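Work through the exercises below with the sequence and the structure at hand. Each task is followed by a stepwise solution.

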Amino acid sequence: LSPLVMLVEDEAPMRRFLRGFLARYGYRFVEADCGAEALRLAGETPPDLVLLDLGLPDMDGQDVLVQLREWLRSPIIVLSVRDQERQKVMALEHGADDYLTKPFSTGELLARIKVAFRHAASGGADGSPLFTVGDLTIDRTARRVSLAGAEVRLTRLEYKLLVTMARHAGKVLTHQFLLGEVWGPKRAEDVQHLRVFMAGLRRKIEREPAQPRYFITEQGVGYRLAAE
Amino acid sequence: MPSVSSPSRPRSASNYLAAAAIVAACTALSGLSHWGALTEANMWMIFLAGTLLTALRFGHGPAMLAFGLSAASMSFFFLHPKFEFQFSDKQYFITIGIMGAVGVLISQIASRLQTVRRQVEVEQLRNSLLTSISHDLRSPLATIAVTTSELLEGSPEQTLAERRDVLETIVDETRQLGRQIDNLLDMGRLNTGDATLTFDWNVLEELVGVALARLRRELAGRNVTIDLPSDLPLVWAAGDLLVQVLINLLENASRYTPPGSCIEIRGRSHQRHVELTIADNGPGLPSGSEEAIFGKFVRGTTAVADGRRGMGLGLAICRHIMRAHGGDIAARNGRAGGAEFVMTLRCRERSVEEPADDDALIPATAEPRAAGEEI
């Protein structure tokens, strides 16, 4: 049986588009056009993935998210519009796995869904000491990083940052999460520090640091390591 | 709404000082001509003129000060008994009374005029803003409406490529519409002092990267080169807003240059600021328009090569945003032709206190290497 996706969106044209998309890629789906309906439907048949629009007519999307997360373990991808960076960060803190900014392309949506399913299945560890994306390879047993076969020399903290991102490849990671994971709770607010480190990492790995292939900036939210 | 640069004059100490200075000047003038047989009536006229000037320029309070000082000065220096604050003739009270009344009247008329003028300015600004917005939003909308109906009513002979062309246009115009709305939202956020605007120290290359990623489609046919030295200092910015400025400028550069043109993004560090230049090798700006294009809602004249450069809100918003950053933006034509937009931003060195501090924060399980050491 193919995975069941719950679609929570009040705009009919958007729902129509998403419905077509999910059918085309062979997902089963249920639809809700408001928060209450979403909570009810999820209770009847727990979905394997939720696409949740934050702007709902009857209740705050964040509340729907919090209530679902009280018991639902399936990935939740939030859909929001630009200009809501704060909302996105809040949603991630409330347990959303990722977000998509409208308008998005079908390619982006498919990539997010795949990544969410993959992480849900693996439970966080990817089960292999080797991580590869594009020309970048991380050998986590040898603690070696190479780019198209040539070794890249990283500082210990750069390596730690890279490995943390690789563990969640394809998923958005907030500044606070990365700072907490790599530097510990004391540094959790020092976004500037993280930016400078990321710049260093990009200089060593990206061909053109201002047009990153691997380390994608999610403006106002955090970073994402490309998954493919 | 953009903030209106109102001609209001704060009733500050300097206005009162100016009033006193004007009276001093009147006194000097009357004093100089004292021996040149200036009649008393004319001296009164000189002081009246001083008081009226003060009323017109500096408003009610300073005018009253000028009036008082004038009366005192006349009495002390010029009227019998001299060097005493006394009026020998009660007639003088009529003169002084009229002088005071005229002063009050003129200052009130002046302030009312100013209010009216300000209202007219706000009204004009609002009108030009509305015209601009409706133009910026309506023209892409019109294109979308026309092209979609073409698609709907299209004859069956329409080839796939033709349909694709139409769809491409719709996507482009929709994205353009989205950017215009972003601009308006940013303008609103700036003017209302939105609390979600967070300024902090940013890596310029990262913000440039975000802008380039958002404009990938629009910049597809352009040759973009990036020249940002790795030691460029951090810049003080509200990330989303600076990205919006870059998007406006890059979109502008792609729109007003033919396909295949070059766009260069160049960052240079100066003592106290970073200069970021976006240069293209297109037809450049019409000479003389370098400053005007940043004016609020300036519309390009038809003489402009492409007919639209500088139209609408984009560049006015860029300047507004850059000034809110404590920086600025200017335009010029490059030496080799083509337009150059130069932004200045406050900066600071990228000092990262790496080793000692970081080591202490690493969990005990980490290997006991120095943090800066390479693995």
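A salt bridge is a side-chain nitrogen of Lys or Arg within 4 Å of a carboxyl oxygen of Asp or Glu. This is a predicted model, in which local features need pLDDT of at least 70 and side-chain atom pairs count only at pLDDT 80 or more, while totals for chains, interfaces and linings use all residues. Residues are numbered from 1 along each chain as its sequence is written, chains are lettered from A in the order in which they are written, and side-chain values use heavy atoms, without hydrogens and water.

**Exercise 1.** Determine which residue pairs with A:Asp98 in a salt bridge, and where the two partners lie.

Solution. 
- The partner is A:Arg224, with 2.9 Å between the closest N and O atoms.
- The pair joins distant parts of the chain: A:Asp98 belongs to strand 5 (residues 98-102) of chain A and A:Arg224 to strand 12 (residues 222-225) of chain A, 126 residues apart. Strands (E, at least two residues) and helices (H or I, at least four) are DSSP runs numbered from the N terminus.
- For burial, the classes are buried under 20% relative accessible area, exposed over 50% and partly exposed in between (1.4 Å probe, protein chains only).
- A:Asp98 has 2% relative accessibility and therefore counts as buried.
- A:Arg224, at 5%, is also buried.

**Exercise 2.** Describe how helix 1 of chain B packs against helix 3 of chain B.

Solution. 
- Helix 1 (residues 13-32) of chain B contains B:Tyr16.
- Its axis lies 9 Å from that of helix 3 (residues 60-78) of chain B, at an angle of about 30°. Axes are lines fitted to C-alpha atoms over the stretch in contact, and angles run from 0 to 180 degrees between N-to-C directions.
- The two helices of chain B are therefore roughly parallel, a class for angles under 35 degrees.

Notes:
Angles under 35 degrees count as roughly parallel, over 145 as roughly antiparallel, 65 to 115 as roughly perpendicular and the rest as oblique.
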